[in-house]
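Me: I would like the label on each feature of this structure checked against its definition. Please give the value, then the cut-off, then the conclusion.

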Amino acid sequence: MKARVAVSWSGGKDSALVLDRLLRDARHDVVALVTTIDASSQRISAHDVRLDLVERQAFSIGLPLVEVPLPAHPSTEAYLAQTARMLQPLIEDGVRLIAFGDIFLENFRRWREDAFSGMNLSPLFPLWGEQSPRLAEEFLSRRFGAVLCCVNGAYLDRGFLGRLYDRRLLEQLPPAVDPCGENGEFHTFAFDGPIFREPVRYAVGTTSYRPTMRSSPVAGHWFRDLFPVETRPSACPLCDGDNNCGVAAGRPTCWCYTERIPSN
């Protein structure tokens with residue numbers, strides 16, 4: 001019998017790679033994606049991606065999305081209580097595993113193991129202990145598409161925002177930056193790949209900076225707003241003229257994936 005598993009879903013490349021592996025693993029039955037959101041902003045925690053974009057990811061993947069709404073900067077107790085409440089229906093439905101995209105940070109792994117043991121869930125780490133360059137290559141070889149939506153100012157400048165996660169970007173990362181951003185150097189939004197029935201179309205909006213709390217050892221972060229676009233493949237979202245759609249022409253990406261389009 002397959003083990004029923006939920007996937008912790010940030011909407012980024014590591015979550016996508018975890019899901020891709022589990023969907024191809026005959027031992028597991030993925031039944032849901034689980035994401036935490038800031039209840040006031042309706043954005044995904046850490047990545048700051050709009051919830052409606054993540055909902056479109058889940059729709060394209062074909063899995064239900066379990067949303068865990070949280071206040072800004074929740075306490076550990078509040079996080080655990082709300083997460084347990086929202087995951088209870090999955091647990092009652094026989095889910096006993098929840099998968100995470102952690103690669104090598106021991107403190108995160110230990111925290112998740114301790115936190116979820118009280119919920120009758122066992123954390124699963126499909127990427128654990130693997131080399132980041134090899135994981136990055138697997139992601140690209142599987143023909144995923146992702147874009148950088150957040151960078152830590154201590155590691156990268158704002159010029160990396162909105163760029164596609166591709167081999168050219170990997171070549172240009174500073175030596176101290178992990179290719180998968182495992183130390184929090186950057187976060188991504190996955191919009192295309194083998195887990196999606198169709199690409200999640202988005203446009204690139206404005207840039208913002210958010211300093212961290214005074215007690216945090218992490219520098220401030222730059223964010224690039226991404227928002228969904230409603231387009232006809234043949235129509236430009238700016239002028240309604242010929243769109244020259246790359247996807248419709250059979251290419252893996254399109255100009256609109258990185259073009260900056262006003263949100264109003």
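Me: Why is Arg 50 called partly exposed?

Reply: Its relative accessibility is 23%. Buried means under 20% relative accessible area, exposed over 50% and partly exposed in between, with a 1.4 Å probe and protein chains only. The value for Arg 50 falls in between, so partly exposed is the label. This is a predicted model, in which local features need pLDDT of at least 70, side-chain atom pairs count only at pLDDT 80 or more, and totals for chains, interfaces and linings use all residues. Residues are numbered from 1 along each chain as its sequence is written, and side-chain values use heavy atoms, leaving out hydrogens and water.

Me: What makes Asp 225 and Arg 50 a salt bridge?

Reply: Their closest N and O atoms are 2.6 Å apart. A salt bridge needs a side-chain nitrogen of Lys or Arg within 4 Å of a carboxyl oxygen of Asp or Glu, so this pair qualifies. It links distant parts of the chain: Asp 225 sits in strand S10 (residues 221-228), Arg 50 in the loop between strand S3 (43-44) and helix H2 (51-61), and 175 residues separate them. Such helices (H or I, at least four residues) and strands (E, at least two) are DSSP runs, numbered from the N terminus. Asp 225, at 15% relative accessibility, counts as buried.

Me: How many salt bridges are there, and why does Arg 24 with Glu 138 count as one?

Reply: The count comes to 16. For Arg 24 and Glu 138 the closest N and O atoms are 3.9 Å apart, which is within 4 Å and therefore counts. The partners are 114 residues apart, with Arg 24 in the loop between helix H1 (13-23) and strand S2 (28-38) and Glu 138 in helix H5 (residues 132-141). Arg 24 has 49% relative accessibility and counts as partly exposed.

Me: What does the salt bridge of Arg 112 and Asp 102 tie together?

Reply: Here the closest N and O atoms are 2.6 Å apart. Arg 112 lies in helix H4 (residues 106-117) and Asp 102 in the loop between strand S5 (97-99) and H4, so the parts joined are 10 residues apart in sequence. Both Arg 112 and Asp 102 are buried. Elsewhere, salt bridges with shared partners join Asp 20, Arg 21, Arg 24, Glu 130, Glu 138 and Arg 142 into one network.

Me: Why is S2 described as largely enclosed?

Reply: Nine of its 11 residues are buried, so the rest of the structure largely encloses S2.

Me: Which strands pair with S2, and in what sense?

Reply: Strands pair if DSSP finds at least two bridges between them. Strand S1 (residues 3-8) runs parallel to S2 and is joined to it by six bridges, with Ser 8 opposite Val 34. Strand S4 (residues 65-70) also pairs with S2 in the parallel sense over six bridges, and there Val 34 stands opposite Val 66. S3 pairs with S2 in the antiparallel sense over two bridges, with Ile 37 opposite Ile 44. Two bridges meet the requirement of at least two, so S2 and S3 count as paired. In their hairpin, which has four residues between the strands, Gln 42 takes a positive phi near 60 degrees.

Me: What makes the pair of Phe 189 and Tyr 202 edge-to-face?

Reply: There are 10 aromatic pairs by the rule. For Phe 189 and Tyr 202 the ring centres are 6.1 Å apart and the planes stand at 80 degrees. Rings of Phe, Tyr and Trp (its six-membered ring) pair if their centres lie within 6.5 Å; planes under 30 degrees apart are stacked, over 60 edge-to-face and the rest tilted. Phe 189 is buried, as is Tyr 202.
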